[in-house]
Amino acid sequence: MSETALGAIKPSSRTGLVLEALRRGILSGELPAGRPLIEAELAGRFGVSKTPVREALKILSGAGLVTMSDYSGAAVRTVDERLTRNVFDARCLIEPVAVQRSVEAGLRTGGRPAQEALEAADNATDEVARSLANRDFHRALYADCDNDVLVGMLDQLREQTALISVNAWSQRPSWEDEAREHREILDAALNGQAEEAARLVLQHVSAFRERAIRQIKEVGTDVR
């Protein structure tokens, strides 16, 4: 599910309200991995019919936060080693390239969105806000690469990255390390050091992948 598609639902609509509530519940851990998401139960909880719930679940499924089965219904996606490796392997392959091209192009936004995202992450009062701010930081650095294919691919990984990040932090918080790494990346980008920024992004994404996988192995086959 692309960034555009996720934002296509009006927040004030019934589907939008259910979507945002479920999304926040999943990314906060209030709705833990593997938790069944029963349409009738959710409809009663939110005071809506089953239709907006069904639509919200389909959108979340497309974003990789929910799994849907004809037999067992919908459930919060489990974070396991395979998901973590697949998502971060893909990011390692394409994000450094996108960031390098953005920096080479001069960061048309002047780096302001990335700086604002870092400040939002530092000032966050919970894991969800911090995770989403970190996501915004990464997007601010790759969005100016002038390649819609690369941007679209990375956007599709954003929700799953947030899911993995929040679950990994719940086991052993590492956001302070990530904040330091983000500042180093931004410094290189603002100084026009495109290759160095790309190298630091690859190092940063690879390091988080290894931390997350190690934590998953410590607690079992998945993070709940």
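This report looks at two cavities in a predicted model and at one residue, Thr-161.

Local features need pLDDT of at least 70, side-chain atom pairs count only at pLDDT 80 or more, and totals for chains, interfaces and linings use all residues. Residues are numbered from 1 along each chain as its sequence is written, and side-chain values use heavy atoms, without hydrogens or water.

**The cavities**

The structure holds two cavities of 30 Å³ or more. A cavity is a set of points, on a 1 Å grid over the protein atoms alone, where a 1.4 Å probe fits but cannot get out; lining residues have an atom within 4 Å of a point. Points are joined across faces, edges and corners, and volume is the space filled by probe spheres set on them.

| Cavity | Volume | Lining by class |
|---|---|---|
| Largest | about 210 Å³ | six nonpolar, seven polar, five charged |

Ala, Val, Leu, Ile, Met, Phe, Trp, Tyr, Cys and Pro count as nonpolar, Asp, Glu, Lys and Arg as charged, and the others, Gly among them, as polar.

Helix H7 (127-142) gives the largest cavity five lining residues, the largest share. Helices are DSSP runs (H or I, at least four residues), numbered from the N terminus. The second largest cavity is lined by Ala-121, Asp-122, Arg-130, Asn-134, Trp-175 and Ala-179.

**Thr-161**

Thr-161 lies in helix H9 (residues 158-171). It counts as buried because its relative accessibility is 10%; buried means under 20% relative accessible area, with a 1.4 Å probe and protein chains only. Beyond neighbours within four places in sequence, Thr-161 contacts Val-87, Phe-88 and Arg-91 (heavy atoms within 4.5 Å).

Conventions
Helix = DSSP H or I, 4+ residues; strand = E, 2+ residues; numbered from the N terminus. Buried < 20%, exposed > 50% of the residue type's maximum accessible area, 1.4 Å probe, protein only. 1 Å grid on protein atoms, 1.4 Å probe; cavity = no way out; pocket = protein on both sides within 12 Å on 5 of 7 lines; lining within 4 Å.
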